[in-house]
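The stops below go one by one.

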Amino acid sequence: MKNILLIVFLFCGYLSYGQIGFVTPDTVCANSPVTLSTDDSSYSYSWDTVAINIGQPLAGGVPQLTGASYNGSVCYTVKYDPVSGNWIGFSVKTGGYSTFNYGANPLSTTPTAYSGGTLGGYLNSGNAEYVDVVRDSTGLWYAFITDGGHLVRVDYGNSLANPVNTATGVHTVTLSGITKAMQISFIKYNGNWVAFVGNNGGAVNNITRLDFGNNITSLTPTVTQLPTGAPTAFTNPAYFALYNDRVAGTWSMLVNNYGNFGNGNGLSRYDFGANLENNTPTTASMGTLGGAYTFCKGITIIENCDSFYALGLYGGFGGEYFAHLSFNNGTTTNITNTPVIANAANDLAGTGANTSKVSLTTFWHNDVLGDTLYVLAADPNGQTIFLLTDYGMSATGQVTYTPNVTYTFAPGPHNITLITDQGNQGHRNHYCKAIYAYTPGLPALGPNTTLCDGDSIILTPVVVGNGTPTYLWSTGATTPTITVKTNNGYYVTVNGAGLCTTGQSNTQFIQFVTKPVVNLGPDTTICSGQPLTLQSDSTYPPQDLYSWNTSPTQTTPSISVNSSGSYSLTVYYGGCSGSDTINIIANPSPVVNLGNDTNFCAGYVYSLTSSQPAGSTFLWSNGSTDSTFAITSAGTYWLAVTQGGCTTTDSLNITVSPAPVFYLGNDTTICNNIPITIGTTIASATQYIWSTDSTLVQYQGSYSQTDSMRLLTSSDGYLTTKTGGIFSLTVVTGGGCSYSDTISIISQPGPNIMFNIPRFDTLCKTKPFVIDPGFSTGLSYLWNTGATTQTLEVNESGTFWVSVATANGCSATDTVSIKMKTVPEQGLLGNDTTLCNDQMLMIPPFIDTSLHFQWYVNGYDASHISDNASFHKVQNAPGLYIAVVSNQCGTTVDSINIMNKFCDLWFPNVFTPNNDGVNDLIQPLGDLSLISNYTLTVYDRWGTILFTSTNPYAGWNGKYNNVPQPVGVYVYNMQFNVKNVPYTQHGNFTLIR
């Protein structure tokens, strides 16, 4: 059938598959028939001898099918049935499911309609959304319809021409995790059936994958929720197109987000990498493309050789647009580029509230209406299926619809386009190839060539045509190619029927030049750390290039190396190069370390050694070949060690310091109460260390305890002990030398004096007291009084000591102090006294804590107000104080009379009433504001009252009855109160004129 539409409608999305390619020559003979073929096994083919311009913007379209039958159609697609030769349309709408038989012309506007309704109740009439029609490898057809949260399958057998109401079976399966299934698209991937579903409802907004395995009729597919791309990548994703980058071998998916009445987030993308079944594809948001691309619906993709374009529906109710999306960013076309809207066509059949285009088919190609690409769009509200026709192809190309075609090409380049299985999901391929048609002529060889000595070149003539060539070379060879290794000119004669190029070729001259000779010498061994200079034994002019395989590359004629490795030098000379390689083995040099310069003490032997592997040889500075060397004197010493032919030397300086020598004396015996000092002083000593088991020692320094021994650090080298033991002293000098000596001291017991009274005691002096040292086995006794008896009688206070000697020659001395006390004496409280107001007196005027006081004031017990049992403080409290004083020897009663006076008021003892303005009046002085009830009376010596006043600020002027009184002594009496306490004060004063 010449005019069969070989490119069919796809479901309402798009899937592409991997590139297979042409089985055609790259070059042909001009004006000669050439057969083109492909190894793509498809049931529809479309060849064109020019490139198809599928990247031009969309301009418009026309209604294809209108009427009530298409009312509510949200998804519409068409399939070609090769059994009946008819085109069948499939519609999913709110009323259910319908099919349309176009016959042989897919552009017929009067197809026969068949209504399937709800398919016997399997469809919920309000939730049916999309249909995908699939043909398996056995030729059986199936339709899959999304309906809310489940999937309905209709079995058609081997022909889609069977009306929907006579289909062989209807089945359903609930899709876990899907609440609003929208677009569904199947693909055969790696031998298994895989479907993708747009999930456009509930809390989850993503694309879901269904894995059916190798059985597309399975009712238990594995459901995988792909990532949601939260929070911005997807918003109600319902429509998508899958794309396979055949060059990179990767899969991606463009997703149109349905949004919410124009508030969708536009275009998004999944990137699966090389595995379409990747459960965690990368998500990306491409946005609203300048704010226009929102409330997005159907989307489809068409390839243009190695580039691609997309067509998408977008917009709200009453104003839908078709957007031509270009993914070219100016330098590359890649699905990861954010596209631009290259052209936006308004409602192709006008605008209005009754239009709402939802789904798109893929592009399809048919010669019924000319050499044109088509797309269909479903409009459920406008009761219309739109036909988009503005993707025109070349009108000058030769279009053929068979798997193999024969074309005749004019001379020059030609672009061939092949579209296979257009509209058939999973096998929609688009191939492009360039073919060059050569004008008949002579075969050609390459240009004249200069090569390096030892190289070769394969000469291959350029022969174009479909015939079988024969070859005859100037060397006599008859092979298609020859390998040339010598200087000469070469040509070939080619003949054969069907060839574009025949006859004798031009002559190609080949010339070989001598390569530079590089010789680095034989492989060698060096010692690590001892550099070796590498250079070629042949030299070349400095303008030629030297290149060593070092990192970084060195370009000098020679290099210095000191480690193992393979070193290569390449010399470029006259356009040719020569190389040589030398292997260097760097044996490790022995590691010799005799240590730092050191000092040791005279009398010792200092041993030098160096640990080396077996087989090493030694040579010391004195000629010795032993592994060790004993040193007894100062000097400089060196060692040379040889291993595997490598020698390393080290040396050090030795100094010798003198050791300290001392003697602690002979072992001795002491009395344990008589200290002995042992030790020594060394001028160069820096440290004195004692070791002893004795704890009763005296020294200047510190100590530490080690088991039963004490380590004592002495600052002066001496130690004093009263007990026996083992005493070892080690002296360390500034040169680090040390010497030790030990002395054993045996301690003899001495007398243990224990007085019969405390060493400091107080006794009552009533009778003599006998002091006993408490040691009755002494050989002799000597008291500080001169007495030699064991005991001593005392009756006075004093300090007494006794020295006691024993038979073993040890002695001990001890002291006791005695204070004799008597009964408390009279007069402890002191004499009677007068105190000024607020003046304080402590009685008795001392504190003797050995005395106990019981106080009485003015005949009353005053124990409750006493300051302390041994003293009393008196202030503003005149009276008679009596104390009963007692100690361990007896009791005594003593008393004191304390009187008070107002000391802040006093009376002068002389005045001079001579009217000179100074001391003319006699009156009290002091703080007069503190007194009240004041009366002053002045008398002469015979008792006559000369003056009296109750005003403390008024004084006597020395007159009586206005007659000046004579010089002499006069008497005064003054009474007053201070703070309600009455006071009387009297005395005499002298009048002077």
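**Stop 1: a sheet and its edge**

Select β49 and β51 (residues 635-643): four bridges join these strands, which run antiparallel. Strands here are DSSP runs of E, at least two residues long, numbered from the N terminus. Two strands count as paired if DSSP finds at least two bridges between them. On this pair, find Trp620, which stands opposite Leu639 in β51.

Four strands make an open sheet of mixed pairing, in the order β47-β52-β51-β49. Its edge strands, β47 (598-601) and β49 (617-620), each pair on one side only.

**A note on the model**

This is a predicted model, in which local features need pLDDT of at least 70, side-chain atom pairs count only at pLDDT 80 or more, and totals for chains, interfaces and linings use all residues. Residues are numbered from 1 along each chain as its sequence is written, and side-chain values use heavy atoms, without hydrogens or water.

**Stop 2: confidence**

Colour by pLDDT, the predictor's confidence in each residue, from 0 to 100. The chain's mean is 81, and 86% of its residues reach 70 or more. Select 347-354: pLDDT is below 50 there. Then select 422-427, where pLDDT also stays under 50.

**Stop 3: Thr789**

Go to the loop between β64 (780-783) and β65 (792-794), where Thr789 lies. Finish by selecting Val802, whose C-alpha is 9.8 Å from that of Thr789.

How values were computed: Contact = heavy atoms within 4.5 Å.
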